[in-house]
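Please have the sequence and the structure at hand while reading.

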Amino acid sequence: MAGVYRIFGSEMSPYSVKVRSYCRYKGVPHQWIVRNAENESEFKKYAKLPLVPVVATPEGQGLQDSTPIMEYIDRVFPKPTTHPEDPTLDFLSVLIEEFGDEWGNKIMFHHRWWAEVDQIATSHVLARAMMPHADDETVANMANAVRERMTSRGHFVGSSAATAPLIRGYFEALIDVLEVHLDSRLYLFGARPAFGDFGLAAQLYECAIDPTLGGILRARAGHTLSWCYRMLEPHNDGHFEDWGTLRGTLEPLLEIVGHYFLAWSAANAEALAEGRETFTVQLGGEAYSQAPQKYHAKSLKALKDKYAAVKDRSTLDSILERTGCKAYL
Ligand SMILES: N[C@@H](CCC(=O)N[C@@H](CS)C(=O)NCC(=O)O)C(=O)O
């Protein structure tokens, strides 16, 4: 189809859902293609890595990695912008996007593959999506294979018996601050979505469609839940706010970003640089241990470059200092 971007993705993939929301908001002509066995050879034409999302551009180029895909879309479809004019707010939004991708994903992935109820539900949904026309027995066998494979991969995001209660605590703390912040606004930075909304909402949307975290969100985080679903079809309903009105309830979120995500991310990068097999970092006064994650060192470096590119950092630095983020950028 001429002029149409094709997104190969999955409803169960936060990064795919994020890119789809971005295309919807930006008015990008696109087609959503659920990646499955039937379109595998088409998918492989565009994918360098066996990961979703993959976007095939109208010119026949294959794009991967959701944040650079959004940046690509920004260049081709600059309006409506998701970048507040104030560079301080824009960087905070970019930081939250990264936080969603990395820390939000840890929370989501751990819970998706930890409790039996989540493993069973998720593996069946994934298997059915992969084989839309197969019989039930074939799908059940595939679900078992998916479950076996994915439950053995939790350690990639630090999921273990020792970290399980900690990660649950990170989720609860996150939704508690979001509930307060989203009580009086539609999006994180006001009445229209910013870059950061896309990254974080997509991970929490995935939490919302899984049994355990979906139950918790429904029981105690109605504003956050509504925002996740709103972000599936976001709208420009007004202006970005300024720091004065955001500050009171956005700073607690940035404190989580600094004291948990960035502290973890820096320790992870250090462990990788030193070639260590595991690392331990104090997060909120408790020891958290896992094997280092490779991709994160790369994205921390990209974030530092974006921070370095902000010209006037006077207001930004005082916010980052107060919230514990500055030391890691
Ligand atoms: N950094 C990548 C991560 C992509 C990724 O991890 N995708 C997952 C799904 S969320 C995937 O494709 N996993 C392998 C699979 O589903 O077969 C991005 O932002 O796009």
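How many salt bridges are counted between domain 1 and domain 3? The count is zero. The model behind this count is predicted.

## Domains

The protein is divided into three parts: domain 1 covers residues 5–76, domain 2 covers 87–111 + 157–328, and domain 3 covers 114–152.

## Where domain 1 meets domain 3

The C-alpha centres of domain 1 and domain 3 are 23 Å apart. The two domains are in contact through six residues of domain 1 and seven residues of domain 3.

About 450 Å² of area is buried between domain 1 and domain 3, and carbon and sulfur atoms give 65% of it. On the side of domain 1, M12, N36 and E38 supply 77% of the area buried against domain 3, more than any other three residues. Although the salt bridge count between these domains is zero, two residue pairs are in polar contact, both at pLDDT 80 or more. The side of domain 1 that touches domain 3 has three nonpolar, one polar and two charged residues.

## The ligand site

Which residues are around the ligand? They are S13, P14, Y15, R35, P50, L51, V52, P53, D65, S66 and Y295. By class, this shell divides into seven nonpolar, two polar and two charged residues.

Among these residues, S66 has an N or O atom in its side chain that is 2.6 Å from an oxygen atom of the ligand. The side chain of D65 has an N or O atom 2.9 Å from a nitrogen atom of the ligand. With V52 the backbone is involved: one of its N or O atoms lies 2.8 Å from an oxygen atom of the ligand. On its own the ligand has 510 Å² of accessible area, and the protein covers 71% of this.

Notes
Residues numbered from 1 in each chain as written. Predicted model: local features only at pLDDT ≥ 70, side-chain atom pairs only at ≥ 80, totals over all residues. Heavy atoms only, no water. Near = heavy atom within 4 Å. Polar contact = N/O pair within 3.5 Å; in protein donor to acceptor, adjacent residues only side chain to side chain. Areas by Shrake-Rupley, 256 points an atom, 1.4 Å probe, with all protein chains shown as cover. Nonpolar A, V, L, I, M, F, W, Y, C, P; charged D, E, K, R; others polar. Domains from an automatic or database assignment. Contact = heavy atoms within 4.5 Å. Buried area = accessible area lost by both parts, 1.4 Å probe. Salt bridge = Lys/Arg side-chain N within 4 Å of Asp/Glu carboxyl O.
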